[in-house]
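Please examine the sequence and the three-dimensional view below before reading on. This briefing then describes the folds, the packing and the meeting of the chains in turn.

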Amino acid sequence: MKMVIAIIKPFKLDEVREALTRVGIHGMTVGEVKGYGRQKGHTEIYRGAEYAVNFLPKLRLEIAIASEQLSRVMEALATSARTGQIGDGKIFVLPVEQAVRIRTGETDVDAL
Amino acid sequence: MTRAFLRLAPATTIAAFLASPAFAQDAKIDGADTAWMIGATGLVLMMTIPGLALFYAGMVRKKNVLATMAQSLAATFLVSILWAVVGYSLAFTGDGAAIGTLDRVFLKGMGMDDISPLAKTIPESLFMIYQMTFAIITVALVAGSVADRLRFSAFLLFCVFWLLLVYVPIAHWVWGGGFLGTAGVIDFAGGTVVHLNAGVAGLAAAYVLGARRGYGSDNLAPYDLTLAVIGTGLLWVGWFGFNGGSALGANSRAAMAIVSTHLAASAGAFTWMALEWWTRGKPSVLGMISGAVAGLGTITPASGFVLPMQGLLIGIIAGAICFWACTWLKLKLGYDDSLDVFGVHGVGGFTGTLLAGVFAVGAISASPEMPGGVQGLLEGNPQQVVTQLYGIAVTLVWSGAMTFIILKVIGALVGLRVRQEDEVMGLDVSLHGEALQ
């Protein structure tokens with residue numbers, strides 16, 4: 001099993017969700033995060049006081065999948081989240097040791 | 001001897017409370033004037049709660065929003081009580097040059113139909129409470145300079161000392177029959193008494209307390225400017241009562257004052273917006289509301305003395321000069337006047353009081369006591385400008401020096417500034433045990 005962690009631009013969420021549904025993914029966890037990379041922040045000015053806002057709002061998706069699905073999920077994610085502009089985000093893949101569905105007690109791939 | 005005195009004391013005290021000293025016997029309560037002034041009183045009280053509360057709170061950081069509102073609330077209830085008990089009497093009774101009398105302490109002797117010689121067509125109780133709303137907002141304004149770092153206990157003590165030692169004397173000198181008014185200083189609704197006074201006091205406070213932690217390096221961006229915009233709306237509308245009500249009657253002078261006020265606010269907002277757009281590339285909402293308040297504060301002393309188009313011009317000048325004060329002067333002099341009380345109210349009050357002496361049109365202030373009215377520089381009376389400068393100088397020196405002393409005393413008593421860790425955690429939690437979720 002793998003855990004796919006994707007940092008994406010917030011407005012891309014619906015597109016990404018639809019693309020993942022098409023490759024058989026029916027669940028994920030989404031969090032609102034702040035971050036920066038090569039994309040610079042913006043400047044706000046309040047009565048002459050200038051503030052450089054370095055952190056930009058992003059979304060962090062966590063998707064637990066069976067290892068066989070990995071290449072299809074990576075492809076769907078990257079394609080749907082891409083705009084071509086700086087700040088599109090990153091995808092990381094981590095191994096998952098165990099998984100449990102709390103309601104039924106199913107484990108590992110049956111829990112996904 | 002002592003026994004006899006003690007027996008008589010309660011009787012004489014009660015008699016003194018019930019006796020009504022003969023105030024203006026020839027004055028008469030007018031229904032229209034009274035109705036308007038009741039409305040104006042409500043409008044001006046609204047300027048503090050919730051007007052100023054929202055205006056200020058929207059501009060501080062989230063962790064200090066409730067504490068900032070607490071200051072407007074506390075100013076309202078504390079100043080109200082003090083004003084009725086002793087403030088009104090000291091400010092608006094008698095004809096002493098330096099201070100009033102204790103004739104109306106605890107409002108004693110103020111019967112339902114009594115009239116003050118200073119407002120001959122409305123009940124004295126109404127005049128008293130109208131003036132109360134001015135005292136409230138002036139005290140509440142000062143806190144803006146030291147937002148995010150003043151102890152609540154220190155603020156409460158400040159309300160008491162500053163009201164009695166700074167606001168009351170200046171109000172008496174300009175409006176209550178004191179030496180500035182008799183010298184000819186004109187101030188329709190509070191350029192000196194309210195705005196310059198609060199502005200200079202704020203500057204003194206900013207100097208005494210020092211800058212916020214992280215000033216110049218941290219992000220101190222406003223929590224929610226929508227609150228500030230709503231507050232501005234309430235202030236703007238409320239100002240119709242602030243300036244219009246200063247005519248103390250439902251008459252054409254009140255109407256003219258309202259028109260001048262509104263045009264000054266509009267011109268101030270437009271000018272600040274234009275200058276900001278030109279110099280910084282974008283017209284900010286904060287700039288628009290700041291310009292409006294700058295225009296309103298600046299027109300305040302002149303509103304019942306000038307023509308509407310002069311009000312518009314004063315608004316343009318206000319927008320420009322206050323924009324300069326808040327963006328260039330403040331950075332140059334290096335003080336942390338958090339909510340620009342000096343930059344907007346101090347500079348605005350100064351400018352407006354001076355311009356009142358420039359633009360005053362005699363016909364508008366003509367009265368039976370003064371048929372020619374007060375004429376300014378442009379009507380051939382340059383002396384008025386000098387008189388205005390005199391009033392400005394006295395206000396500036398008294399407010400600045402006394403505020404400094406008062407703060408030093410409060411600092412010795414309870415401490416002025418919150419502890420560093422409380423400042424970091426936020427005043428809502430550390431001072432009041434509450435937080436926005």
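The points that follow are grouped by topic, from whole chains to individual pairs of elements.

The structure is a predicted model. Chain A contains two helices and six strands, whereas the secondary structure of chain B comes to 16 helices and zero strands. Seven residues of chain A are in contact with 13 residues of chain B.

**Overall form of chain A**

- Read from the N terminus, the elements of chain A follow the order β-α-β-β-β-β-α-β.
- A compact globule of 112 residues would have a radius of gyration near 13 Å, but the value for chain A is 17 Å.
- Along the principal axes, the C-alpha atoms of chain A fill a box of roughly 60 × 30 × 20 Å.
- In chain A, 16% of the 112 residues count as buried.
- Among the contacts in chain A with a separation of 6 or more, 71% are between residues 24 or more positions apart.

**The four-stranded sheet of chain A**

- Four strands of chain A form an open sheet in the order E2-E5-E1-E6, and the pairing is antiparallel.
- Strand E2 (29-35) and strand E6 (89-95) of chain A are the edge strands, since each pairs on one side only.
- From one strand to the next, the twist averages 20°.
- Strands of a sheet pair through backbone hydrogen bonds, in either a parallel or an antiparallel arrangement.
- E2(A) pairs with strand E5 (residues 56-65) of chain A in the antiparallel sense, over seven bridges.
- Within E5(A), A:Glu62 is the bridge partner of A:Thr29.
- Helix H2 (residues 70-81) of chain A lies across strand E1 (2-8), E5 and E6 of chain A, and runs at about 5° to E1(A).

- E3(A) and E4(A) pair in the antiparallel sense over five bridges.
- A:His42 stands opposite A:Val53, which belongs to E4(A).
- Two residues lie between the strands of this hairpin, where A:Arg47 takes a positive phi near 45°.
- By class, the residues on the side of chain A that touches chain B are four nonpolar, one polar and two charged.

**Overall form of chain B**

- Why does the radius of gyration of chain B agree with that of a compact globule? A compact globule of 437 residues would have a radius of gyration near 22 Å, and chain B has 22 Å, so the two agree.
- The C-alpha atoms of chain B fill a box of roughly 70 × 60 × 35 Å along the principal axes.
- In chain B, 54% of the 437 residues count as buried.
- Residues 24 or more positions apart make up 77% of the contacts in chain B with a separation of 6 or more.

**Helix packing in chain B**

- Helix H9 (residues 252-280) and helix H11 (residues 308-333) of chain B have axes that come within 7 Å and cross at roughly 35°.
- The crossing of H9(B) and H11(B) is right-handed.
- The contact of H9(B) with H11(B) has 17 nonpolar, eight polar and one charged residues.
- Helix H4 (residues 124-142) and helix H5 (residues 152-174) of chain B pack at an angle of about 115°, with their axes 11 Å apart.
- H4(B) passes H5(B) in a right-handed crossing.
- From H4(B), B:Ala135, B:Thr138, B:Val139 and B:Val142 meet B:Cys159, B:Trp162, B:Leu163 and B:Tyr167 of H5(B).
- The contact of H4(B) with H5(B) has seven nonpolar, one polar and no charged residues.

**One residue of chain B**

- B:Glu421 lies in helix H15 (residues 420-425) of chain B.
- Is B:Glu421 buried or exposed? B:Glu421 has 8 C-beta neighbours inside 10 Å and therefore counts as exposed, the limit for an exposed residue being 12 or fewer.
- B:Glu421 and B:Arg104 are 317 residues apart along the chain, and their C-alpha atoms are separated by 46 Å.

How values were computed
Residues numbered from 1 in each chain as written. Chains lettered and ligands numbered in written order. Predicted model: local features only at pLDDT ≥ 70, side-chain atom pairs only at ≥ 80, totals over all residues. Contact = placed C-beta atoms within 7 Å. Nonpolar A, V, L, I, M, F, W, Y, C, P; charged D, E, K, R; others polar. Rg over C-alpha atoms; globule rule 2.2 N^0.38 Å. Buried ≥ 20, exposed ≤ 12 C-beta atoms within 10 Å, placed from the backbone. Pairing = 2+ DSSP bridges. Axes fitted to C-alpha atoms, helices over the stretch in contact; angles between N-to-C directions. Left-handed = near helix turned anticlockwise from the far one by under 90°.
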